[in-house]
Amino acid sequence: EKIQFGDTATFIQQSSDGVLRIDGEATVDINASTAVTVSNDLKLDSDAAVLGFGVDNDVTLTHVADTGLLLNSTMALQFNDASQFIQGSSATVLSIGATDEIDLTATDIDVNGTMSVSGTLTTAAITTTGTHTVTGQSSIDLVTIKDNTIASYASNADLQISANGSGKVAVEGISFFGTTLS
């Protein structure tokens, strides 16, 4: 049996054993003075279902069929407080922010694209392949090239160039104060 309101499209019914069905032709409005509690799973059985938050639904979370969830506009997913967030700050930029530190922990972190570091980059070791261009100043304590070493261990110290084993260090085209040695 149904308890019907208005027309036949708006009703409450026990559709099967243990199932309560509430149908509204356009909208079902549930209004509680403190909270609406769902004691188990809440399922939105619609592709493109939208959860709206706030009096004017200014923040929404939309189901994108077979893909995931979409947070609207440039809204942020925040953690702890507003200083820790993930945000699509524009159509082409994903911002990840934190007050002090972002900790990425993995066996391998793959960065595809150009990386710009505006602060200090500190690493335990760097292994690189390919061609590298350094623009500006670079501070390096020790360079090892196929087990051969170029090193200077302190400011104003001697520059040491060492060949591994019985190898030799060959230097060509050195210029001292405008005079080229050969």
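**Close-up views of an all-strand predicted model**

Figure 1. N57 counts as partly exposed because its relative accessibility is 43%, between the limits of 20% and 50%. The model is predicted. N57 sits in the loop that links β4 (50–53) to β5. Its phi is positive, at about 50°, although N57 is not a glycine. Most residues other than glycine have a negative phi.

**Figure 2. D66, an exposed residue with positive phi.** D66 belongs to the loop between β5 and β6 (68–71). Its phi is near 60°, a positive value in a residue that is not glycine. D66 has a relative accessibility of 84% and therefore counts as exposed; the cut-off for exposed is over 50%.

**Figure 3. T62, a buried residue in strand β5.** Strand β5 spans residues 59–64 and includes T62. The relative accessibility of T62 is 17%, so T62 counts as buried. The cut-off for buried is under 20%. Neighbours within four places in sequence are left aside in the contact list of T62. The list holds A48, A49 and V50, together with G68, L69 and L70. Of the 182 residues in the protein chain, 5% count as buried.

**Figure 4. The open sheet β7-β8-β9.** Three strands make up this open sheet, in the order β7-β8-β9, with antiparallel pairing. The edge positions belong to β7 (76–79) and β9 (94–97). Each has a single partner strand, so one side of each is left without a neighbour in the sheet. On average, neighbouring strands of the sheet are turned by 25° against each other, with direction ignored.

**Figure 5. The pairing of β8 with β9.** Strand β8 covers residues 81–88. Four bridges join β8 to β9, and the two strands run antiparallel. F85 stands opposite G97 of β9.

**Figure 6. Q87 and its surroundings.** Q87 lies in strand β8. A polar atom of the Q87 side chain lies 2.6 Å from the backbone oxygen of T74. T74 is also one of the residues in contact with Q87 once neighbours within four places in sequence are left aside.

**Figure 7. S139, an exposed loop residue.** S139 is found in the loop between β9 and β10 (142–145). Its relative accessibility is 74%, which means that S139 counts as exposed. Along the chain, S139 and I22 are 117 residues apart. Their C-alpha atoms are separated by 69 Å.

**Figure 8. The whole chain, as context for the close-ups.** The protein chain has 14 strands and zero helices. The C-alpha atoms fill a box of roughly 105 × 30 × 25 Å along the principal axes. The radius of gyration is 32 Å, whereas a compact globule of 182 residues would have a value near 16 Å. Which share of the contacts with a separation of 6 or more comes from residues 24 or more positions apart? That share is 0%. The accessible surface of the chain comes to about 16,500 Å². Carbon and sulfur atoms account for 50% of this surface.

Definitions and conventions. Residues numbered from 1 in each chain as written. Predicted model: local features only at pLDDT ≥ 70, side-chain atom pairs only at ≥ 80, totals over all residues. Heavy atoms only, no water. Pairing = 2+ DSSP bridges. Axes fitted to C-alpha atoms, helices over the stretch in contact; angles between N-to-C directions. Rg over C-alpha atoms; globule rule 2.2 N^0.38 Å. Buried < 20%, exposed > 50% of the residue type's maximum accessible area, 1.4 Å probe, protein only. Contact = heavy atoms within 4.5 Å. Areas by Shrake-Rupley, 256 points an atom, 1.4 Å probe, with all protein chains shown as cover. Polar contact = N/O pair within 3.5 Å; in protein donor to acceptor, adjacent residues only side chain to side chain.
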